[in-house]
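Have the sequence and the 3D view open as you read.

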Amino acid sequence: MKKLTYIILLSLVILFPSCQVTSISPSPESVSIPVAGNTYVTAGKNGAVVSPKGIETWTGTDAVLSSWFKVSHPGELKLFLKAKASDGSSTIRLKAENKDFSVRIDKPEETIVPVGSITITNPGYIRVDMQGVKKEGGQFASISELVID
């Protein structure tokens, strides 16, 4: 009996943590910033195109795409991308406020992808640089929005 109780308890300890689903998503108060009109190819100009739909035809690892947005108060912000990987999964490097993030985008349908948090000490314009690191297909993921929470 003691052994059976031990096995059941051990099973519960192992089973329950693996069943937890942790999903990070933006709050209803988040702000979506379209990439079109707010993002420019700042290095490796032949390696990416920003169209009215967002970042498309992104093929070069030397291409750096820079987005800007303005904040009026100091504090912590969570960053997300609205993106899809229609040509195979991609790994993107993002840099904001001297903090680097590595983001994997692997869903072929457009989805919200968590990036990470940054701390804003001085209100003003915030620059977010994006650079492709690794791609499975012929091009990196398409990005349509930067989501700020």
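**From the surface to the core**

Tyr40 has a relative accessible area of 47%, so this residue is partly exposed (buried means under 20%, exposed over 50%, and partly exposed in between, with a 1.4 Å probe and protein chains only). This is a predicted model, in which local features need pLDDT of at least 70, side-chain atom pairs count only at pLDDT 80 or more, and totals for chains, interfaces and linings use all residues. Residues are numbered from 1 along each chain as its sequence is written, and side-chain values use heavy atoms, leaving out hydrogens and water.

Searching the whole structure turns up 2 aromatic pairs (ring centres of Phe, Tyr and Trp, the latter by its six-membered ring, within 6.5 Å; planes under 30 degrees apart are stacked, over 60 edge-to-face, the rest tilted). One of them joins Tyr40 and Trp68, tilted, at 6.1 Å centre to centre with 50 degrees between the planes. It bridges distant parts of the chain, with Tyr40 in strand β2 and Trp68 in strand β5, 28 residues apart (strands are DSSP runs of E, at least two residues, numbered from the N terminus). Trp68 is partly exposed, because its relative accessible area is 31%.

Now turn to Trp58 and Phe140: their ring centres lie 5.3 Å apart and their planes meet at 50 degrees, so this pair is tilted too. Trp58 sits in the loop between β4 and β5, and Phe140 in the loop between β10 and β11, 82 residues apart. Are these two residues buried or exposed? Both Trp58 and Phe140 are buried.

Notes:
Helix = DSSP H or I, 4+ residues; strand = E, 2+ residues; numbered from the N terminus.
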